[in-house]
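Please open the structure in a viewer and keep the selection tool at hand.

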Amino acid sequence: ATGGSVYERGLVQFPIPESAPLRKEPKLFHQIWLTEQLVMQAHQKGDFSATYLRYPNVYGPRQTVPGDWCIVRRILDGRKYFILPDGGLGLQSMGYAENAAHALLLVVDNPKKTAGKIYNVRDEATLTFRQRVEIISRIMKHEWELIDIPFELALPSWPSAARWHPGGPWEHGLTDISRIKIDLGYKDIVPVEQGIERTVR
C-alpha cells in the first residue's frame, strides 16, 4: 500500500525516520494516518501480508498537482525577478514518478523481506527550492534575478514555495530512506535533473 509522508512538524531528528510520529490533523492527514493504521493492523491479524510506502510529493509529466508550474508560468510570462523566501533554502522530499514506481516494484519483488515494514520513499538527491528554480531556469534558458526575502515578508511567494516551507520558515521535510536502500538496494533510476527536465518539457 502507498500513502503520504505526513510527519509531525518541528521534529528534532533529521532526516526523518519511519519511526517519527505522524500528524493526525487536518482531516486529510488524519485519513492518511488512519489508512496506514488499518492496513498494518490487518497485516498483524494475518488478513494479508502488507508493506506500506510513504510517498513524498511525486512529480513527473502527468503529475496530479503540477508544483513546478508556479516557476514555469513566471518564466513564460517573462518575469525578471523571482522571490525566494529565506533564500529558497527549504528542503522537501520529492519523488520522480518513475523512481516512486521503481521503489514499489522492489517491494513487490521481495514480499517476504518487506512484509510488515514501512518505508519512506523519495529521490536520493534532495534539492532546495532555490536549486529547483535554478535548474528550471537553465532548462528554459531564462535569466532573472533571484531575490532573497525573509519568509515572513515574502507573502506573494508563499504559494510557490509552500511544499518547501509547509509549516513556515525552516520547516524542512527531508525523510530518511536508509531502510529501503539497505533492505532493497534502492537507487534512483532517473536522476533528479533529468526528471525535472522531463516534467518541465
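**First stop: His 142**

Select His 142 and display its neighbours: leaving aside residues up to four places away in sequence, His 142 touches Ile 75, Gly 78, Arg 79 and Ser 137, where contact means heavy atoms within 4.5 Å. The model is predicted, with local features requiring pLDDT of at least 70 and side-chain atom pairs pLDDT 80 or more, while totals for chains, interfaces and linings use all residues. Numbering starts from 1 along each chain as its sequence is written, and side-chain values use heavy atoms, without hydrogens or water.

His 142 lies in the loop between H5 and strand E7 (145-149); helices (H or I, at least four residues) and strands (E, at least two) are DSSP runs numbered from the N terminus. Is His 142 buried or exposed? His 142 counts as buried because its relative accessibility is 15%, the terms being buried under 20% relative accessible area, exposed over 50% and partly exposed in between, with a 1.4 Å probe and protein chains only.

**Second stop: helix H2**

Next, select helix H2 (residues 69-76), whose buried residues are Cys 70, Ile 71, Val 72 and Ile 75. The cover over these buried residues includes strand E4 (81-85), H5, helix H6 (158-161) and H8. After H2 comes Gly 78, with a positive phi near 75°.

Now select helix H5 (residues 129-139) together with helix H8 (residues 192-200): they pack at an angle of about 60°, with axes 10 Å apart. Axes are lines fitted to C-alpha atoms, for helices over the stretch in contact, and angles run from 0 to 180 degrees between N-to-C directions. H5 is therefore oblique to H8, since angles under 35 degrees count as roughly parallel, over 145 as roughly antiparallel, 65 to 115 as roughly perpendicular and the rest as oblique.

To see the contact, display Arg 132, Ile 135, Ile 136, Arg 138 and Ile 139 in H5, which meet Glu 193, Ile 196, Glu 197 and Val 200 in H8.

**Last stop: the sheet**

Finally, select the open sheet of 3 strands, which has the order E1-E2-E6 and parallel pairing; two strands pair if DSSP finds at least two bridges between them. Its edge strands, E1 (2-4) and E6 (118-120), each pair on one side only. Strand E2 (residues 52-55) pairs with E6 in the parallel sense over 3 bridges. Arg 54 has Asn 120 in E6 as its bridge partner. Helix H1 (residues 27-45) packs on the sheet, where H1 touches E1, E2 and E6.
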